[in-house]
Amino acid sequence: MYFCHTYYSLRYGTIPPEEVVALASSLGIDTLVLTDINNTSGVFDFVKACREHGIKPVVGIELRNDNKHLYTCIAKNNEGFRELNEFLTNHNIKNKRIPVDAPPSANCITVYPFGRKQPGELTNNEFTGIMPAEANRLLSSPYLHNLDKLIAWQPVTFKDTDGYILHRHLRAIDRNTLLANIDENDLARKDEVFISTGELNRNFSKYPDIIENTKRLLSECSFEFDFKTVKNKQTFTGSKEDDIALLTKLAFDGMKYRYGSNNTVAHERINKELAIIDKMGFASYFLITWDIIRYSGSRGFYHVGRGSGANSVVAYCLRITDVDPIELDLYFERFLNPKRTSPPDFDIDYSWQERDEVQDYIFKRYGRAHTTLLGAMSTFQPKAAIRELGKIYGLPKEEIDRLVSHPEKYRHDAVTKQILKLADRLTGFPNLRTIHAGGILISDKPLSCYTSLDLPPKGFPTTQFDMYVAEDIGFEKLDILSQRGIGHIKDCAGIVKKNRGISIDIHDVKKFKEDPEVKKLLQQGETIGCFYIESPAMRGLLKKLRCDNYISLVAASSIIRPGVAKSGMMREYIKRFHNPDGFRYLHPVMQEQLQETYGVMVYQEDVLKVCHHYAGLDFADADVLRRAMSGKYRSRKEFQRIRDKFFSNCKAKGHPENISAEVWRQIESFAGYSFSKAHSASYAVESFQSLYLKAHFPLEFMVAVINNFGGFYHTSVYINEAKRWGANIELPCVNNSRHLTSIKGKDIYLGFIHIQNLEEKTSHRIVTEREQHGPYSSLGEFINRTGTNHEQMIILIRTGAFRFTGKNKAELLWELHSLPGQKQPQQNAGQLFEPPHTKFRLPRLAYDKKRDAYDEIELLGFPVTLSLFDMLQTRFRGELFARDMLSNTGKTVRMLGELVTIKYVKTSRKEIMHFGTFIDARGEFFDTVHFPNSLKQYPFKGYGVYLLLGKIVEEFGYATLEVEKMAKMGYEEVK
């Protein structure tokens, strides 16, 4: 019996499941047992490979505590597999050690290592495994007369000697020890390789009963699995007929909200979609998603429905998405069709603050036996593999860093040569089981029918297989994701409701799209704080496209992606946008299929159209391409097959080779980066929601952005933006501030959360005491009421939180030191009189306001009372400002700017260049380009204010500064 460890026996096994099976097939082996250590991750890859090679698969688990092998359990049937999964899951979830004796089971066979138990201690379904090298030990063993309790046991952990070497290194990595110190007990035996059935039989030639016993046991084991049926929960209501009836009612009820009662186009589209949904059995999937949206809406949570689900009018009417597929001519078949090779899924984004509650609802609504987070496999990456191997060889960190940075320089050294060779082999190997970003499975049968579950720190059970396996076996995942963009939309609406009494229907996207103020912000690139469209590159693109409408924003959301930019087609798109009659289409098919995008492939759907209509690929092959482009397809071999078919079809159609090569180049550049049109549209909807709030409630919007801590920029940039829109920025104040940043009219009070080293409990105590007993009247009274300790008081004083007293910081610090030692806060803080303390008279203390600014930089990370420009040694503010650049195109000028962000780019010659973003002395943004030659002589030296000399250039109405020289400016010292 061949007991196989694949590389899913993490940091132990060395062979992928498919290769294990292929090796067995080459030796004529007809039955294999998969027994990975404490997991079932590789079961379905193993079973599928066995079917392809005509080998009978048997599945099990080798159970260990730490590295001690206790026993191996083998499933006799699918029920046994379920029991094994439940057994392992129970110990994983409860964080219990595996018991030293296996639980009894009629559906499983337990095999103990030789010498672990005596024959009389074994029950009916328990046996002892004996390896060929152990056969001689039978002569002095009680098993000599109990051969019916023995089975032939040949473990397989590696392919050959090189595999054993790799195994040793993996074990050292796992044990976090030097390779030279690895304990033999931590290693597999060197003979754990495949041997032929003939050789295995010869090793037991003196004991033929052992071989016969083994064959008999294997004949009792089987594992049947249907890879084609859908494994998700089959009904929502308990009946498929009732499901489709409910979905139909909900869809047409929603149509009234989305389209009105008499929209015949929407009516026909809904009927068409419902017919496909019913035929393919997806009604429950839609209803479960609707149920989640209904719950989250009842809690006041905001969501954004993304992904290919936005192709569905039914999803739009159920308010799962806010993308109108009819408006964008999105076809439902992209989401769901009988020929689709992979199951679809809905991507639902929630605020980072609310996602966990939504997940908790799903688990409680559908039950933990049927609900799980989707796992993922973290694999060894090239640099990480080198680092891990370098550590077990005892190399110093500095040497490892050099090896990681410049591996090509070290292949002459024996040790580093070995490290790099092994790192190449390790790259792509599973390293750790982890969690998918948001995938959830809701199964019809108990999840133990498919997998054992882990319990990561996240707190929810998680599959031991990843999204690729889930898809292979027939699961459609539901992605419940989180992002901070939704948080600031929700928080802004809440602030507006509380402060102004105005309720905002954030899903009324049609209204937002037509709002002139929104269009104005979009066209001007005034998008700081707005989801997905606030980065320097995106703001520049919006200006270049003069984008002022939804359709253009959908396109912009896609062409900004690296795939389009890398292919050179982003610039080509902009060029064609400005001159729609000044270009020739690459081929008539491009003109026919891509008129909306000027012959440029912008979306995944565009690529599918071109592959089908230009190269004659069928939609099944095109779907493989689509998945490869989005990074969701594993088989490079299959991808290569389609590439070859693409070119052979093009040749058969008589297309010129150079044109076909260019079409493929554009397709290939999309790999891993392309968006579906529906995905871009979903992002654009959220962008419009942000834009509407910023256009009409800019200060509340910026407060919400600041409080969500997740935008593209540092908090100081959003504070600058709030000032640009008319806010008065106030330092934290014990009588006005809250834990988070808050707004009163045009006054924005920074929250205590921004003060470094201020304890959260202090922050909350200040606010709670103030709300219960009123504002603070003096420093001493504050201490008496809150019991804030000396160190925390110093931080608050230096931040300016007691400026309401009218005293400067020096005076307040003297007063603090004169007060009695800090006490615990009074239980009844509402006192008639403040306890007396020593009165004192100070001489007038000189005070420099720049000292306040330095305190603010130290404690908040940025100045508030002064700008960085106010702190410079020079009064020079540049020869012109950002708003003057376009009218000075072609001129070489000196500009002064505070660095905001840098983008690093490698040129075609592998040289580094940068794109910079700065704020001028008026708070306006401008962008710079730093070519390699300039950058080498004048590199960036951290954040601060820079004097920049360069030429102003313009492209499509957007000005940038090509920097020739730059110098970081110095600040005045405090007097």
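**View 1. Asn95 sits in the loop between α3 (78-93) and β5 (108-113).** Helices (H or I, at least four residues) and strands (E, at least two) are DSSP runs, numbered from the N terminus. Asn95 is not a glycine, yet its phi is positive, about 55°. Its relative accessible area is 71%, so Asn95 is exposed. Exposed means over 50% relative accessible area, buried under 20%, and partly exposed in between (1.4 Å probe, protein chains only). This is a predicted model: local features need pLDDT of at least 70, side-chain atom pairs count only at pLDDT 80 or more, and totals for chains, interfaces and linings use all residues. Residues are numbered from 1 along each chain as its sequence is written, and side-chain values use heavy atoms, with hydrogens and water left out.

**View 2. Asp329 lies in the loop between α11 (325-328) and β10 (347-351).** Asp329 is not a glycine, but its phi is positive, at about 55°. With 66% relative accessibility, Asp329 counts as exposed.

**View 3. Arg258 belongs to helix α7 (residues 240-259).** Arg258 counts as buried, because its relative accessibility is 6%. Its side chain makes a polar contact of 2.8 Å with the side chain of Asp322. A polar contact is a pair of N or O atoms within 3.5 Å; within protein, one must be able to donate a hydrogen and the other to accept it, and residues adjacent in sequence count only if both atoms are side-chain atoms. Neighbours within four places in sequence aside, Arg258 is in contact with Tyr316, Cys317, Arg319, Thr321, Asp322, His507 and Lys510. Contact means heavy atoms within 4.5 Å.

**View 4. Helix α31 (residues 715-724) holds Glu721.** The helix α31 is mostly covered, with 7 of its 10 residues buried. These are Thr715, Val717, Tyr718, Ile719, Asn720, Glu721 and Ala722. Glu721 has a relative accessible area of 0%, so it is buried. The side chains of Glu721 and Arg724 are joined by a polar contact of 2.9 Å. Not counting residues up to four places away in sequence, Glu721 touches Glu526, Ile528, Lys694, Met702 and Phe925. After α31 comes Gly726, with a positive phi near 100°.

**View 5. The largest nonpolar core has 98 residues.** A nonpolar core is a set of buried Ala, Val, Leu, Ile, Met, Phe, Trp, Tyr and Cys residues joined through side-chain atoms within 4.5 Å. Tyr550, Leu553, Leu693, Phe782, Leu796 and Phe802 have the most contacts inside this core. Helix α29 (residues 677-696) gives the largest share, 9 residues. Leaving aside neighbours within four places in sequence, Leu693 is in contact with Ile489, Cys492, Ile504, Ile506, Pro698 and Phe701. Another core, of 62 residues, lies apart from the largest one and includes Val21, Phe114, Leu150 and Tyr450.

**View 6. Helix α32 (residues 760-773) packs on helix α33 (residues 779-786) at an angle of about 100°, with the axes 10 Å apart.** Therefore α32 is roughly perpendicular to α33 (65 to 115 degrees; under 35 is roughly parallel, over 145 roughly antiparallel, the rest oblique). Axes are lines fitted to C-alpha atoms, for helices over the stretch in contact, and angles run from 0 to 180 degrees between N-to-C directions. Arg765, Ile766, Glu769, Arg770 and His773 of α32 make the contact with Phe782, Arg785 and Thr786 of α33.
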